[in-house]
Every structure is written in C-alpha cells, then in structure tokens.
Amino acid sequence: MSGLTILLLSTVTLSAPLILAAMGGFTSERGGVINIALEGKMLMAAAATALVGLGTHSAPFGLLAGIGAAIVMSLLHWLITQSFRVDHVVSGMAINAIALGGTNFLDKAFTDPAHAGEIPKFPLEAYYVLAVLVPLALWFAARRTRPGLHLLAVGSDPDKARQMGVAPLRVRFFGLLATGVLCGLAGAMLVTNAGRFTDGMTSGRGFIALAALILGGWRPIPGALACVGFGFATALQLQMQGTELAGARIPSEVWQVLPYVVTVIALAGALGKSRAPAGLGKL
Amino acid sequence: MNWKLLALVIGAVALLAAAILATDVAPLEALQTLLRGSLGSPRAIGGTLKETTPLLIAGLAVFLALRAGLFNIGVEGQLLVGAMTCTVVVLRLPGVIGVILGVAAGMVAGAAWAFPAGWIKAYRGGHEVITTIMLNSVAALLTTALVAGPLKAPGQESTTTASIPDALLLPAVASGEDWSLSLALVIGVVLTGAMAWWLRSSVGGYELQAVGANPTAAETAGVSSRRVTTLAMMASGALGGLAGALQVLAYEGRFYSGFSPGYGFDALGVALLAGASAWGVLPAALLFGVLAKGGTAVQILGVPKGITGVVLGLLILIFAAVRYRRVQCPA
C-alpha cells in the first residue's frame, strides 16, 4: 500500500469511533444534558465487549454487551441528573471515575490470566458505514422528525417545552439511551480495532469527540467533519513520527494538542458565534 | 433523609460489596486492610498525610472556584504547569530567593493557565468545564514535550528534569523514625483557615460568593460578575499552581512526565465533599488521602486498585445528591 492509502485508511479508522461518540454527545447535549461522560461510557463499552466477547466466543454477544454496558451507564447518567437532580458536570465526572475504576477492576479481576484469547469481532467496515450513516440520519431526524424536533426544543428551553406539552425528562431519557447505543458502538469499535482491551484505552477520545461536537456547533454533519479533521491530524502524526520536517523534528505532542487548542479558540468565539443549546445543564 | 437518597446509598453499598465479593475477598477484611494500611501505624499515617497534602491544596483551589459558581476541572493542568515552572525557576536560581520566586512563578503559571477558561466563561459564555478539560490535555502534552526535550536533565534516560538539591526542599516540621510531617501540609492547613476567614469576612470574599450564588443579583448590587468570575478562576488556578509547586518542593524534588496521578481530579471530589465551609476541605482531603494510601494496601489482598475509583465516583454522587437536594429544597 502506498503512503497515501495508509494515511487515508488510518484517518477513517481513527475518525469512525470519534464520530460515533460525538453523535452520542449530540443526542444528549441537544436535549440539554451536558455530557462529559462520553469517555467513561465508551470505556465501559470497550471492556464489556472484550469481556463478554472472550467469554462467549461470539461477536454479536460481545457487541450487545458493549452497547448494553454503555446504555446502563447512560441511564445511570439520566437517573442522577434528571431524577436526583445532581449537577450535570459532577455526574459526568463521577461516571468517568466509576468507569475508569470499574473497567480496571473488571479487567484485573476477571480477565487478567485469560488475556491471550482472541476476541471475536465484526468487520471494521460495518463501523465505517455506521459512522457515515449515523450523522446523516441524525441530521435528518433533527430537522424533519417529531422526536428530533422535541429533542431540540427541550435542549433550547426546557420550561417552554414543558408548557408545549413535551416532557423534558422523557425526551432526555431517549436522548441518553441513544447516547448509550452510540458510545457502545464506539467502544466496541475500539476493541475490534485493537484486538483486545487495555486499561484506559479510550485515552481521551471521549473528550476529543465532545470537542468535535462543540467545534461543529452542536450540529451532526459539521461535528462529524471535525472528527474526520482530528482523525486526520492523528493519522498524520502517526505517519510522520520520527521523520523530519524542514530539518526539524516535530514532537508528536504538537499534533496531539491540536484538537484541544482549536476547541478552546472556538469556544472563545474566534471561529464565529457560539451556538450552544440554550438549555444546556438546565433542569 | 428521603427514600430516593436512601436508595442511592443502599445501591452504592450493595454494588461495592458485590464487587469486592467477586474477587473472593471478604468486604470486612478489605475495609480492615484499608484502614490498617492508611492509619494503622506511624508510617502508614505519614504516607496518608503525604497523599493528603496535594489533595488539600488542590481541593482548596477547586473549592474557591466552586464558591464563585465555577467548576474548575482544570486544576490538574494548573498543577502541572505550576510544578514545572517552579522546578525550572528553582533550578536556575538557587538559594532561598530562588525557592520563593519558584513558588511565586508556579502560582503565576497556574493563574495564567486558568485565565482563558475564566475569560471565555465571563465574556464569551463558553462553558468553563469544556475549556478546562481541553486546557488539561494541553498542559499534559506541553509539559510532557518539554521534559522530553529542552528541560530534560542531561545524561538521564527517563523524561525528567534535574533534581533540586536537598537543601532547597521544604523541611519537615516534625518527624519520627519512619514518618515525617512536611511543611507543605502545614501551609495547606494555614491556607484553609485563611480562605475560610477571607470568604466570610472580606469584601472580596463576599463578592465572590455573591456572584456564585446569583450573578444577576450580584450585578444589580454593583458587583461586576464578569470581572469576579475571571479573577476567581485565576485565583483558583494560582492555588492549583501552588499545589504543584509545593508538591515539587516538599516531596518530589523534580518534575517529570506523569507527575500527577490525577490530583486535580480527586481534588474535585474533595471540594464537593467539603460542603459550604473551607474548613470542610480538611476532612475531605484526609478521607481521600486515606483512600489513596489504603487502596495500595488493599491491592495486595487481590482487590484491583480500580475499586478506589469506583468508591470515589459513588461518594461524589451521593454527596452531590445530598448537597443539591438541600440547596434546591429549602424547607
């Protein structure tokens, strides 16, 4: 394979889980739930996919377990933010802590000696297709379908939505359910690609996905394109590692830092007006 | 106590017990080991106090921001740049002056790192949580790149700066055969008292809390909530930088990649547990210190260290639920 083909292929492989997770962020943030827990949900899904996949020797069961685990975390998120009325940010932090600790626990307690087995998997191409279809579907849903419009209404102004007869708790429940499914797919894809589960293997991808969503102005297609941009930067960094550019060796951190710096600049409003959902974080 | 909270607590305890049982360790034995490993001997207590120090000062940083209505998740990053800056200054300018300037530089670096988050929140409406999370990653990558490159000690294999001479490190206030109490912890306790006093009795402290409680009302009363928000974030960042600087000068003696095992994140838990008074940060930091030190002991029993993360998350949830319930239902 030529260098260019490898670069493009690894861009796709690196972007797809980001897109799936960012779309998971879309379905909750557009409903008004701040979601810094994408990272934890993905990680939990990755661990469950690996654990159950190894245990049952079945790819579908592994994937279902991954999605199920992310759904459980997501519904926990719904329960504590909407029913217990805990601050969204605090809830997200707690979910990340539980997922990071919990996956370490599961990994060490149940799989350590059995780490050698091969995890049955679906072809990566299936995830590629989803990463293209999901943003398009969400774009359509948010503009043309009743549930999609309800989601946007709740995210923009929960009080007014309530007056119009839309129940924010119900809408957010389904929004977070969708987040679980999408983060589950993202986590399962990470395991599929790596071939195994490692401690903390999401390594900040949940936050990069959130960054991409913000950069895309909380819209599905621009958000997905931002994910591709970040994926490309990472792919480029991997390929350029060790090579020199104009006589100087560029530290790989320069590429890695790109998504974060761009997001801070975007939040400062340098890239146009902030388009955050107005009801973000409201009860 | 209402039934919802009760359900949350029971669920959390049951989950933990089930997790520990799954590893074939009796939960009571695990708890005993945890307490013995963290409080059972002078040596264990010394280790717990060592873990408590950065959590206390970083916890105060988060707490201060919290009083102003800001979630400073960026203490981790502020701590990293503070620690690195302090190390560089102390290595360049030896002597006591260098140490003092080093601590000051660490605080300035922390404040500078927090500034964008505060400014964007106050003037652009970008949520501080997102900016601070991004700035954390930038800080981690920047400091890693610097200690791997220009700041790397000559002749070292690993990514670390040179070591600060022992004579310049903070002395122990008291010490025994196998334990010691660093000056850094004493500074932390004094700071706690100072902050409690400042928040309660000064105009600045009152304004900060007024903005935290209700920015619109504070604005009506003539307080510039934008200015206070920006300054509060910077003050919080300065404390985060101080936590890093003192960690270098009291315990580590150098800066290296992977310097903080997540003090800034644990500090958020500390500040949330603290309640409404700065004095609450002390017991909260101690509790997290016990968990951190005792967690290592429990690991030897065969309980993976991840269990402390789960405990941390559940504790944060329960306390946050209690706290927000109290705030929202005044009756």
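A salt bridge, as the term is used here, is a side-chain nitrogen of Lys or Arg within 4 Å of a carboxyl oxygen of Asp or Glu. By this rule there are three salt bridges over all chains, and I shall return to each of them. The model before you is predicted: local features need pLDDT of at least 70, side-chain atom pairs count only at pLDDT 80 or more, and totals for chains, interfaces and linings use all residues. Residues are numbered from 1 along each chain as its sequence is written, chains are lettered from A and ligands numbered from 1 in the order in which they are written, and side-chain values use heavy atoms, with hydrogens and water left out.

Let me begin with chain B. There, the side chains of Lys121(B) and Glu128(B) form a salt bridge, at 3.1 Å from N to O. For burial, I call a residue buried under 20% relative accessible area, exposed over 50%, and partly exposed in between (1.4 Å probe, protein chains only). Glu128(B) is buried, with a relative accessible area of 2%, whereas Lys121(B), at 29%, is partly exposed.

The other two salt bridges lie in chain A. Asp159(A) and Arg162(A) meet at 2.9 Å, N to O. Helices here are DSSP runs (H or I, at least four residues), numbered from the N terminus. The two residues are three apart in helix H7 (residues 158-163) of chain A, so about one helical turn separates them. Asp159(A) is partly exposed at 46% relative accessibility, and Arg162(A) is partly exposed at 41%.

Asp199(A) pairs with Lys108(A), the closest N and O atoms being 4.0 Å apart. Asp199(A) is partly exposed at 36%, as is Lys108(A) at 37%.

On the side of chain B that touches chain A, H13(B) gives the largest share, 14 residues. Counting contact as heavy atoms within 4.5 Å, the interface takes 45 residues from chain B and 37 residues from chain A. The buried area is about 3400 Å², and carbon and sulfur atoms give 83% of it. By buried area I mean the accessible area (1.4 Å probe) that two parts lose on being put together, summed over both. Met134(B), Leu141(B) and Leu317(B) supply 18% of the area that chain B buries against chain A, more than any other three residues.

Finally, two backbone angles in chain A. His57(A), which is not glycine, has a positive phi near 55°. His57(A) sits in the loop between helix H2 (38-56) and helix H3 (59-83) of chain A, and is exposed, with a relative accessible area of 64%. Arg85(A), also a residue other than glycine, has a positive phi near 60°. Arg85(A) is placed in the loop between H3 and H4 of chain A and is partly exposed at 32%.
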